[in-house]
Amino acid sequence: MSMVRRAWAGRRRGLRRVLLIALAVAVTGCAQGRTVVPVRMQPAASLPSPIIPDLSSYEATVRTIAGVITRDIGLPLPDTVMVYVYSSREVFEQGLVADGQVSRMRAAELSDFAIGVGKRRQLLLHHERNVASTEWVRLVAHELAHVSQIEMAEGEGRAEQWLAEGMAEWVSFRVLERLGVDTVARRRCLAIATIRDHAPILARRLDLETLGTSPGFTARHLREGSQATYQMSYLLADYLIAREGFGSLVEYFRSFARRADRRANFQTAFGQPLREFEQEAVVHLAKFRQ
Ligand SMILES: [Zn+2]
């Protein structure tokens, strides 16, 4: 987006030349620590079965993970995802503003702790030398799940944030298992170990209302521990998926394209108000302490 705008601003200096430069940078590569790779998604029906993993480059890794997400998990993704890779925290912060249209204040906050952000048809990521590493595959899968959620809801930040994060983790663990680098069972055990002494679970007060908004979720994970907050969200999503099926989660995200009502959409998709689910979830999570 910003590259195109800059190109149009250069009309007087020669439109054709500026467009060519903009295209060259956008397609191939690299300027001041910022790499841009447009990744075209293959339609799920045209993918080989099983998907042949290729984790040799940014583009190949994103396409492989996208293939698992669309074909094996059944989530929609846009035809093209722009992948932005930044070489440092500072460049990442600038990219969040210029490429991701994030406010300066939110970009400063995000760049302090985030290593990747999934936006509408965009992935904004820190540079990683080893794009086949388990952690990078998990990160890309997690952020692509957000891209899918945004596509289904036709907008960002509409659904419960804890459920968006929990589902993104759930998808990423499935991708890791499918690519043979980890197992869902091991990740679930790690999640349980991580949340055992998590303060909201000990206090039996999750306060999902606060965790449901993006600023509330950020404040809580910075205060109470990022790992535990994300893994608690994963276990809640995992519980809902086991109870209602993955399709109900897909329908939940799709419902935001028709109606931007968090409470009503939750109740319609899962058959109970959020408050009632929270009481059930407290009991479910307390079991992991035994
Ligand atoms: Zn996330």
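Guide: Met82 stands opposite Gln122 in strand 5. This is a predicted model, in which local features need pLDDT of at least 70, side-chain atom pairs count only at pLDDT 80 or more, and totals for chains, interfaces and linings use all residues. Residues are numbered from 1 along each chain as its sequence is written.

Visitor: What makes strand 3 and strand 5 a pair?

Guide: Two strands pair if DSSP finds at least two bridges between them, and strand 3 and strand 5 (residues 122-126) share 5 bridges in the parallel sense. Strand 2 (residues 34-40) runs antiparallel to strand 3 and is joined to it by 7 bridges, with Val81 in strand 3 as the bridge partner of Val39.

Visitor: Why is strand 3 called mostly covered?

Guide: A residue is buried if 20 or more other C-beta atoms, placed from the backbone, lie within 10 Å of its own, exposed if 12 or fewer, and partly exposed in between; in strand 3 (residues 80-86), 5 of the 7 residues are buried. Across the 290 residues of the protein, 37% count as buried.

Visitor: Why is helix 3 called roughly perpendicular to helix 7?

Guide: The axes of helix 3 (residues 58-73) and helix 7 (residues 161-178) come within 10 Å and cross at roughly 100°. Angles of 65 to 115 degrees count as roughly perpendicular, under 35 as roughly parallel, over 145 as roughly antiparallel and the rest as oblique, and therefore helix 3 is roughly perpendicular to helix 7.

Notes: Helices (H or I, at least four residues) and strands (E, at least two) are DSSP runs, numbered from the N terminus. Axes are lines fitted to C-alpha atoms, for helices over the stretch in contact, and angles run from 0 to 180 degrees between N-to-C directions.
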